[in-house]
Amino acid sequence: MCYLGWNYDGMSCQAENDNSVEEYLFKIMHTVSLIPRSFPADPSFTRAGRTDKGVSAMGNVIALNLRTEPSSEKSPIQYCKMMNALLPDDIRIIGC
(Lines give C-alpha, C1' and ligand atoms only; values in the text may rest on other atoms or scores of the structure.)
Protein backbone atom coordinates (compact mmCIF):
# COMPACT_ATOMS: atom_id res chain seq x y z
CA MET A 1 0.00 0.00 0.00
CA CYS A 2 1.13 3.55 -0.60
CA TYR A 3 -0.38 6.92 0.25
CA LEU A 4 0.28 10.61 0.26
CA GLY A 5 -0.32 11.49 3.89
CA TRP A 6 -0.87 15.24 3.97
CA ASN A 7 -4.68 14.78 3.86
CA TYR A 8 -4.73 12.22 6.70
CA ASP A 9 -4.11 12.12 10.43
CA GLY A 10 -1.77 9.14 10.21
CA MET A 11 -2.05 5.57 9.04
CA SER A 12 -3.52 3.86 12.12
CA CYS A 13 -7.14 4.00 13.24
CA GLN A 14 -7.70 6.33 16.17
CA ALA A 15 -10.64 6.28 18.57
CA GLU A 16 -11.00 10.07 18.55
CA ASN A 17 -10.54 10.57 14.80
CA ASP A 18 -11.87 8.91 11.63
CA ASN A 19 -9.46 10.52 9.16
CA SER A 20 -6.76 7.85 9.07
CA VAL A 21 -5.62 5.82 6.08
CA GLU A 22 -6.81 2.63 7.78
CA GLU A 23 -10.29 4.12 8.30
CA TYR A 24 -10.58 4.64 4.54
CA LEU A 25 -9.32 1.11 3.86
CA PHE A 26 -11.78 -0.43 6.32
CA LYS A 27 -14.71 1.57 4.93
CA ILE A 28 -13.94 0.40 1.40
CA MET A 29 -13.43 -3.22 2.46
CA HIS A 30 -16.78 -3.12 4.30
CA THR A 31 -18.45 -1.57 1.24
CA VAL A 32 -17.34 -4.41 -1.04
CA SER A 33 -17.90 -7.06 1.68
CA LEU A 34 -14.27 -8.15 1.96
CA ILE A 35 -14.28 -7.94 5.77
CA PRO A 36 -16.99 -8.40 8.42
CA ARG A 37 -18.61 -5.45 10.22
CA SER A 38 -16.85 -6.46 13.46
CA PHE A 39 -13.54 -5.50 11.88
CA PRO A 40 -11.01 -4.07 12.92
CA ALA A 41 -11.67 -5.77 16.26
CA ASP A 42 -10.47 -8.88 14.42
CA PRO A 43 -7.28 -10.45 15.80
CA SER A 44 -6.17 -11.48 12.29
CA PHE A 45 -5.28 -7.87 11.38
CA THR A 46 -1.69 -6.63 11.74
CA ARG A 47 0.32 -3.77 10.29
CA ALA A 48 4.04 -3.61 9.60
CA GLY A 49 4.35 0.12 10.18
CA ARG A 50 2.51 3.32 10.84
CA THR A 51 2.89 6.98 10.14
CA ASP A 52 2.01 10.22 11.88
CA LYS A 53 -0.23 13.01 10.61
CA GLY A 54 0.81 14.31 7.21
CA VAL A 55 3.46 11.63 6.58
CA SER A 56 3.43 9.75 3.25
CA ALA A 57 4.49 6.15 2.75
CA MET A 58 5.38 3.76 -0.04
CA GLY A 59 5.19 0.03 0.51
CA ASN A 60 3.49 -0.07 3.92
CA VAL A 61 2.20 -3.55 4.61
CA ILE A 62 -0.94 -4.75 6.35
CA ALA A 63 -1.98 -8.37 6.84
CA LEU A 64 -5.54 -9.56 7.24
CA ASN A 65 -7.97 -12.26 6.21
CA LEU A 66 -10.24 -11.25 3.32
CA ARG A 67 -13.25 -12.92 1.76
CA THR A 68 -12.27 -15.22 -1.08
CA GLU A 69 -14.20 -16.22 -4.16
CA PRO A 70 -16.30 -19.37 -4.11
CA SER A 71 -14.50 -22.28 -5.75
CA SER A 72 -17.11 -22.27 -8.54
CA GLU A 73 -15.94 -18.85 -9.81
CA LYS A 74 -13.52 -19.01 -12.72
CA SER A 75 -11.38 -15.95 -11.94
CA PRO A 76 -9.97 -14.74 -8.62
CA ILE A 77 -11.20 -11.55 -6.95
CA GLN A 78 -9.22 -8.57 -8.21
CA TYR A 79 -8.66 -7.06 -4.75
CA CYS A 80 -6.35 -4.21 -5.81
CA LYS A 81 -8.52 -3.13 -8.72
CA MET A 82 -11.71 -3.37 -6.64
CA MET A 83 -10.37 -1.30 -3.74
CA ASN A 84 -8.44 1.26 -5.80
CA ALA A 85 -11.62 2.06 -7.75
CA LEU A 86 -13.22 3.24 -4.49
CA LEU A 87 -10.28 4.65 -2.52
CA PRO A 88 -9.25 8.31 -2.70
CA ASP A 89 -6.64 8.97 -5.41
CA ASP A 90 -3.92 9.49 -2.78
CA ILE A 91 -4.29 5.98 -1.28
CA ARG A 92 -3.38 2.97 -3.48
CA ILE A 93 -3.20 -0.74 -2.92
CA ILE A 94 -0.15 -1.85 -4.91
CA GLY A 95 -0.19 -5.58 -4.24
CA CYS A 96 -2.21 -8.30 -2.63
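Glu22 is buried, at a relative accessible area of 1%; buried means under 20%, exposed over 50%, and partly exposed in between, with a 1.4 Å probe and protein chains only. The model is predicted, so local features need pLDDT of at least 70 and side-chain atom pairs pLDDT 80 or more, while totals for chains, interfaces and linings use all residues. Residues are numbered from 1 along each chain as its sequence is written, and side-chain values use heavy atoms, without hydrogens and water.

**Exercise 1.** Determine how many salt bridges the whole structure holds, and describe each pair.

*Solution.* 
Step 1. The criterion is a side-chain nitrogen of Lys or Arg within 4 Å of a carboxyl oxygen of Asp or Glu. The search returns two salt bridges.

Step 2. Glu22 and Arg47 form a salt bridge through their side chains, at 2.5 Å from N to O. This pair links distant parts of the chain, with Glu22 in helix α1 and Arg47 in strand β2, 25 residues apart; helices (H or I, at least four residues) and strands (E, at least two) are DSSP runs numbered from the N terminus. Arg47 is partly exposed, at 37% relative accessibility.

Step 3. Asp9 and Lys53 form a salt bridge at 3.7 Å, N to O. Asp9 lies in the loop between β1 (2-3) and α1, and Lys53 in the loop between β2 (46-47) and β3 (57-58), so the pair ties together parts 44 residues apart in sequence. Asp9 is buried at 18%, whereas Lys53 is exposed at 65%.

**Exercise 2.** Characterise the lining of the largest pocket by residue class.

*Solution.* 

Step 1. The lining comprises twelve nonpolar, two polar and no charged residues. Nonpolar covers Ala, Val, Leu, Ile, Met, Phe, Trp, Tyr, Cys and Pro; charged covers Asp, Glu, Lys and Arg; the others, Gly among them, are polar.
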